[in-house]
Amino acid sequence: MKFELRLTAPPLSARVSRETVASTLAKLVASGSATSKAELGRATGLSRTTVDAGVQTLIDIGALRVGGIKVVPGRGRPAETLELDPEFGIVLVADCGSTHASLAVFDLGQRMIDRVDIDIRLDAGPERVLPDLGGRFSDMLERLGRPDTPRSLVMGLPGPVDHWGGAVVRPPIMPGWDGYPVVDRMRELLGGPVMLENDVNLRALGEARAAPLTRGPLLYVKVGTGIGVGIVGADGTLIRGADGAAGDVGHVRASLAAKTPCTCGSIGCLEAVASVRAVGLALGFDGSDQIGLTRSVMALIEQQDPPALRIVKEAAEQIGEVVVSLIHFVNPERVLVGGSLSMASDHLLAIIRSIVYSRALPLATRNLTMARPVYGRRSGLAGGLVMGLESELEPEALARRPVRKALPPRPRYYAR
Ligand SMILES: [Zn+2]
């Protein structure tokens with residue numbers, strides 16, 4: 001599977017450093033939006049000599065290589081096309097839910113070169129879960145014959161994540177994880193830079209970068225075991241807020257009348273009345289067996305069981321009201337509704353959409369698209385890939401890479 005995701009880079013001026021120029025050129029090549037020196041010149045507005053020097057820097061450290069020759073009819077000389085050298089690095093992504101995880105290995109050309117989907121139990125605690133994930137990644141790298149390739153790891157977890165501190169903060173459904181140094185532990189296990197992100201933020205980022213970067217803000221609403229929203233601004237960057245809690249709407253009060261106790265200790269939270277867990281409990285399933293409860297709910301929805309559909313409809317109405325508020329705050333251009341409940345039920349998105357269009361102001365919905373995520377269950381992996389690629393190609397990361405041993409000079413032939 002090959003992704004086609006866009007990377008962001010700051011605008012260039014004549015005063016930026018050599019590494020910044022190289023970083024921007026590498027990101028343009030990695031995005032597929034400019035793949036020859038001429039295209040890079042047009043995309044950045046940089047002079048031919050600056051582009052030449054930047055490309056040479058990237059070739060010298062092994063980041064770029066010549067991929068082939070592109071013949072442009074009627075446009076003079078054929079141009080060399082550039083691509084990221086797959087040997088330069090790999091990006092590992094662990095997209096973890098509370099009961100399952102997708103682990104993927106990507107090369108820098110955005111190709112997924114290996115993936116496993118596994119059952120996990122986050123409630124078993126980080127000392128059980130993290131070494132298991134580390135071991136599985138090591139096995140995958142061994143299998144690919146690339147145990148020593150430089151790598152970075154991006155990890156998504158379904159809880160309030162302090163992205164900068166590298167830890168989860170008081171997660172309601174993950175005992176033992178509060179403040180645990182996830183990033184430090186994974187770096188110990190796998191080496192290389194490690195980034196931790198909230199799972200919904202990763203999905204939002206992946207979906208936002210599947211489209212041209214000029215489109216407006218995007219909201220990704222996840223309705224699964226928990227409920228959360230990821231927000232990406234019009235410039236394509238994640239809006240995390242001051243501490244990483246932006247979009248954490250699962251624990252806002254759904255309605256003043258709601259009295260259902262929530263896993264966070266409060267009552268009437270959106271998550272307590274409208275998540276998969278809430279639907280399962282309302283249908284009488286055992287709340288202590290999360291995996292069994294989720295499977296039972298999905299099976300009933302698939303069979304179009306009338307009581308299950310009625311409860312999903314009520315859940316969708318509660319979520320719809322919160323989405324209307326979010327739309328008035330952010331005025332997004334796209335709202336995507338994902339998560340296991342959305343994937344299982346066609347009704348969920350339809351009901352949320354009908355509430356949004358009947359309740360939100362016309363100006364806020366004039367250009368609004370509401371849809372399912374284009375990458376489906378793989379949005380989180382896509383977001384992890386974006387984050388990992390951008391980190392590998394940051395100016396500081398490129399500056400740390402050694403220049404490869406120069407190749408012996410080619411013999412020169414002079415025209416007589
Ligand atoms: Zn709550």
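Q: Which residues of helix 4 are buried?
A: Pro126, Val129, Leu130, Leu133, Gly134, Phe137, Met140 and Leu141 are the buried residues of helix 4. Keep in mind that this is a predicted model.

Q: Which residue with a positive phi follows helix 4?
A: Gly145 follows helix 4, and its phi is near 70°.

Q: Now helix 3. What is its expected span, and what is the distance between its ends?
A: Helix 3 has 13 residues, 48–60, and should span 18 Å at 1.5 Å a residue. Its end C-alpha atoms are 18 Å apart, so the two values agree.

Q: Which residues of helix 3 are buried?
A: Val51, Gly54, Val55, Thr57 and Leu58 are buried. Seen down the axis of helix 3, they fall within an arc of 155°, so they line one face of the helix. On the other side of helix 3, Arg48 and Thr49 are exposed.

Q: What do the buried residues of helix 3 pack against, and what follows the helix?
A: They pack against helix 1, helix 2 (37–44), strand 1 (64–70), strand 2 (79–84) and helix 15 (395–400). Gly62 follows helix 3 and has a positive phi, near 90°.

Q: Where does Ser47 lie, and is it buried, exposed or in between?
A: Ser47 lies in the loop between helix 2 and helix 3. Buried means under 20% relative accessible area, and exposed means over 50%. Ser47 has 37%, so it is partly exposed.

Q: How far is Ser47 from Val276?
A: In sequence they are 229 residues apart, and in space they are 55 Å apart, C-alpha to C-alpha.

Q: Ser345 also lies in a loop; which helices are on either side, and is Ser345 buried or exposed?
A: Ser345 lies between helix 11 (340–344) and helix 12 (346–359). Its relative accessibility is 2%, so it counts as buried. Leaving aside neighbours within four places in sequence, Ser345 is in contact with Ile301, Val312 and Arg372.

Q: How is a pair of aromatic rings described?
A: By the distance of the centres and the angle of the planes. This structure holds two aromatic pairs. One of them, Phe3 with Phe106, is edge-to-face, with 5.6 Å centre to centre and 70° between the planes. This pair links distant parts of the chain, with Phe3 in the segment before helix 1 (18–31) and Phe106 in strand 4, 103 residues apart. Both Phe3 and Phe106 are buried.

Q: What kind of pair do Phe3 and Tyr375 form?
A: Phe3 and Tyr375 form a tilted pair, 4.9 Å centre to centre with 50° between the planes. Phe3 lies in the segment before helix 1, and Tyr375 lies in the loop between strand 13 (369–371) and helix 14 (379–392), so the pair ties together parts that are 372 residues apart in sequence. Tyr375 counts as buried at 17% relative accessibility, and Phe3 counts as buried at 0%. Phe3, Phe106 and Tyr375 form one aromatic cluster.

Q: Which protein atoms are donors of the zinc ion?
A: The donors are ND1 of His251 and the SG atoms of Cys262, Cys264 and Cys269, lying 2.0 to 2.3 Å from the zinc ion. Along the chain they follow the spacing H-x10-C-x1-C-x4-C.

Q: What is the geometry of the zinc site?
A: Ideal angles for four tetrahedral donors are 109.5 degrees. At the zinc ion, the angles among the four donor atoms are 105 to 121°, and the site is tetrahedral.

Notes
Residues are numbered from 1 along each chain as its sequence is written. This is a predicted model: local features need pLDDT of at least 70, side-chain atom pairs count only at pLDDT 80 or more; totals for chains, interfaces and linings use all residues. Side-chain values use heavy atoms; hydrogens and water are left out. Buried means under 20% relative accessible area, exposed over 50%, partly exposed in between (1.4 Å probe, protein chains only). Helices (H or I, at least four residues) and strands (E, at least two) are DSSP runs, numbered from the N terminus. Donors are N, O and S atoms within 2.8 Å of the metal (3.2 Å for Na, K and Ca); water is not among the atoms, so sites may look incomplete. Four donors count as tetrahedral if all angles lie between 85 and 135 degrees; four count as square planar and six as octahedral if opposite donors are over 155 degrees apart and all others between 65 and 115; anything else is irregular. Rings of Phe, Tyr and Trp (its six-membered ring) pair if their centres lie within 6.5 Å; planes under 30 degrees apart count as stacked, over 60 as edge-to-face and the rest as tilted. Contact means heavy atoms within 4.5 Å. The expected span of a helix is 1.5 Å times one less than its number of residues. The arc is that of the directions from the helix axis to the C-beta atoms.
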